[in-house]
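Open the structure in your viewer and keep the selection panel at hand. The stops below say what to select and what is there.

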Amino acid sequence: MSDVILEVDGLSVDIATARGPLHAVRDISFSVKRGETLCLVGESGCGKSMTSLAIMDLLPKAATRSARRIAFAGEDLGKAGRKRINALRGDRMAMIFQEPMTALNPAYTIGNQLVEVYRQHRNASEAEARDRAVYLLEKVGIASAAERLGQYPHQLSGGLRQRVMIAMALMCGPDLLIADEPTTALDVTIQAQILRLLADLQRELGIAMVLITHDLGIVARIADRVAVMYAGEIVEEGLASSLFTNPRHPYTRGLIDCIPVPGRTTPGGKLGVIPGVVPSLVGEIRGCSFRDRCSHSREVCSATVPVQSAINGQRWRCILENAA
Ligand SMILES: Nc1ncnc2c1ncn2[C@@H]1O[C@H](COP(=O)(O)OP(=O)(O)OP(=O)(O)O)[C@@H](O)[C@H]1O
Ligand code: SF4
Ligand SMILES: [Mg+2]
């Protein structure tokens, strides 16, 4: 059995807009191994959510996906029918959204919803499904779990709802969990607790996780590998340890310079910002998409930019061999 759980090769997502097709994701490739945490990072609008929705086949109507291959545990999802995708989703591959109310139905108790997810995919009795729900609510740190089953989503705080959604994603014991900014709707102290919980559960249960987050501090703590997206492309990817100690792409360097580092960042001081804005994704981008913001930019950067790689598997799309 291959140890790769998710393989994405040449994924693009186009969105129809009044100004023409918006190329939200542009020919990206990456893979995730069983039990591994890949963090997908990059500033707002660079295509992280579209990437995760494309993998789960949950894109909005205006968006279309194309790919050479998207495979889950070796199975080509591009060739799988709707029925098969529905069977995999929520069972072996699950997703946690930024806003829990996207996934929770306000009209049903959380018990009903947890039980329903389990019984949809497993030939289990109501009692078995309820036991599993209580077990998972306890696992995500919810006290008096059995009583909570009878409550409706609006009766819970934002933090509790997010925990319920994590429990729901884990009900069937997935092999892959995609978490898209799972905490940004919560206040800062709760964010840290939930991310810690996710990281602990991921390790304990051996689930592969794709975590999308703006928080590079969290990435540094929990990622095995990191993919950095910019303007719909992956501009750098590699082991977290290599990427943080030796970032090669100027955009990655810019992002890392923005992380507060104990001893380096003055408390309350201003973090580094990368000047400029992301280019429009409507129409083609010729050459390096980062060149308007890059201090190393030169003439050759407006032609096709090569992908470079280092021995440890780190890959980056830039003319520079080492951006140091
Ligand atoms: N429904 C839509 N219609 C038109 N454009 C869209 C739509 N949804 C997303 N986009 C555009 O697609 C691009 C990628 O969006 P996406 O949501 O994947 O970004 P993101 O990296 O997840 O950003 P954020 O960090 O803000 O969540 C952006 O330019 C965005 O404006
Ligand atoms: S290819 Fe050129 S413009 Fe793009 S990041 Fe590298 S040096 Fe900068
Ligand atoms: Mg997003």
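Select ligand 1 and the residues around it: Ile15, Leu22, Ala24, Ser44, Gly45, Cys46, Gly47, Lys48, Ser49, Met50, His214 and Leu281. Keep in mind that this is a predicted model. By type, the shell around ligand 1 holds six nonpolar residues, five polar ones and one charged.

Next, colour strand 2 (20-33) and helix 1 (48-56), each of which supplies at least two residues of the shell around ligand 1. Helix 1 gives the most, with three residues.

Now show the oxygen atoms of ligand 1. One oxygen atom is 2.8 Å from a polar backbone atom of Gly45. Select Lys48: an N or O atom in its side chain is 2.8 Å from an oxygen atom of ligand 1. At Met50, a backbone N or O atom lies 2.9 Å from an oxygen atom of ligand 1. Taken alone, ligand 1 exposes 630 Å², and the protein buries 66% of that.

Leave the ligand and turn to the aromatic rings. The whole structure has three aromatic pairs. Select Tyr230 and Tyr251: their ring centres are 4.6 Å apart and their planes stand at 55°, so this pair is tilted. Tyr230 is in strand 10 (residues 225-230) and Tyr251 in helix 10 (residues 250-257), 21 residues apart. Both Tyr230 and Tyr251 are buried.

The rings of Tyr230 and Phe290 have centres 5.1 Å apart and planes at 85°, so the pair is edge-to-face. Phe290 sits in the loop between helix 10 and strand 12 (307-309), 60 residues from Tyr230. Phe290 is buried, with a relative accessible area of 3%, and Tyr230 is buried with 1%.

Finally, select Tyr230, Tyr251 and Phe290 together: they form one aromatic cluster.

Methods
Residues are numbered from 1 along each chain as its sequence is written. Chains are lettered from A and ligands numbered from 1 in the order in which they are written. This is a predicted model: local features need pLDDT of at least 70, side-chain atom pairs count only at pLDDT 80 or more; totals for chains, interfaces and linings use all residues. Side-chain values use heavy atoms; hydrogens and water are left out. A residue is near a molecule or strand if one of its heavy atoms lies within 4 Å of it. A polar contact is a pair of N or O atoms within 3.5 Å; within protein, one must be able to donate a hydrogen and the other to accept it, and residues adjacent in sequence count only if both atoms are side-chain atoms. Accessible areas come from the Shrake-Rupley method with a 1.4 Å probe; for residues, only the protein chains shown count as cover. Helices (H or I, at least four residues) and strands (E, at least two) are DSSP runs, numbered from the N terminus. Ala, Val, Leu, Ile, Met, Phe, Trp, Tyr, Cys and Pro count as nonpolar, Asp, Glu, Lys and Arg as charged, and the others, Gly among them, as polar. Rings of Phe, Tyr and Trp (its six-membered ring) pair if their centres lie within 6.5 Å; planes under 30 degrees apart count as stacked, over 60 as edge-to-face and the rest as tilted. Buried means under 20% relative accessible area, exposed over 50%, partly exposed in between (1.4 Å probe, protein chains only).
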